[in-house]
Amino acid sequence: LKESVRVERCPYMEGEAREATEVQNIQIADGDVIPNLPIPIYMILPRLFTCSTLNTTNFKLEFEVNLHVVFVDNHMVTENFPLKLYRSAKEKTVGIMSGMW
């Protein structure tokens, strides 16, 4: 299971307020998955719910992908991968930089 999440952060005196909103949720495998089989993960981000990453003194808007693996015994492992979205001025397209690779 894979989900993309929009994260808004606002710093204040005691720390930071963080609000995360799910943008998209995709199930990428189900059942008895073959061991050592690479599973490609593709995700088209919805244009209405995403924008370029924003980082200012008073407000941060970031995105991340959360990967959830649920095993047969219902044990779940979760890993979060931050994304940096940017808009290319030349091509007017949105690109992604991630610490995943």
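This briefing covers strand pairing, the nonpolar core, salt bridges and a surface patch. The model is a predicted one. Strand β1 (residues 2-12) pairs in the antiparallel sense with β2 and also with strand β4 (residues 60-70). A search of the whole structure finds four salt bridges, and the largest nonpolar core has five residues.

**Strand pairing**

- β1 and β2 are joined over 11 bridges in the antiparallel sense, and the two strands form a hairpin with two residues between them.
- Within this pairing, K2 stands opposite I26 in β2, while P11 has E16 in β2 as its bridge partner.
- β1 is also paired with β4, again in the antiparallel sense, over eight bridges.
- One of the contacts with β4 is the bridge between S4 and V65.

**Nonpolar core**

- L61, F63, V65, L83 and L85 make up the largest nonpolar core.
- The elements that give two or more residues to this core are β4 and β5 (76-87).
- β4 gives the most, with three residues.
- In soluble globular proteins, nonpolar side chains tend to be buried together.

**Salt bridges**

- Side chains of opposite charge can pair when their charged atoms come close.
- R6 and E8 meet in a salt bridge with an N to O distance of 2.9 Å.
- R6 counts as partly exposed because its relative accessibility is 25%, and E8 is partly exposed because its relative accessible area is 25%.
- R9 and E16 form a salt bridge in which the closest N and O atoms are 3.2 Å apart.
- In this pair, R9 counts as buried because its relative accessibility is 19%, under the 20% limit, whereas E16, at 35%, counts as partly exposed.
- The side chains of R18 and E64 meet at 3.6 Å, N to O, in a salt bridge.
- That pair links distant parts of the chain, with R18 in strand β2 and E64 in strand β4, 46 residues apart.
- R18 is partly exposed, with a relative accessible area of 44%, but E64 is buried, at 12%.
- Salt bridges that share partners join R9, E16 and E62 into one network.

**Surface patch**

- V33, I34, L37 and I39 form a nonpolar patch on the surface, and their accessible area together is about 330 Å².
- I34, one of these residues, is found in the loop between β2 (15-26) and β3 (54-55).
- I34 counts as exposed because its relative accessibility is 55%, over the 50% limit.

Technical notes
Residues are numbered from 1 along each chain as its sequence is written. This is a predicted model: local features need pLDDT of at least 70, side-chain atom pairs count only at pLDDT 80 or more; totals for chains, interfaces and linings use all residues. Side-chain values use heavy atoms; hydrogens and water are left out. Patches are made of residues with over 30% relative accessible area and no salt bridge: like charges are joined within 9 Å, nonpolar side chains (Val, Leu, Ile, Met, Phe, Trp, Tyr) within 5 Å. Accessible areas come from the Shrake-Rupley method with a 1.4 Å probe; for residues, only the protein chains shown count as cover. Helices (H or I, at least four residues) and strands (E, at least two) are DSSP runs, numbered from the N terminus. Buried means under 20% relative accessible area, exposed over 50%, partly exposed in between (1.4 Å probe, protein chains only). Two strands pair if DSSP finds at least two bridges between them. A nonpolar core is a set of buried Ala, Val, Leu, Ile, Met, Phe, Trp, Tyr and Cys residues joined through side-chain atoms within 4.5 Å.
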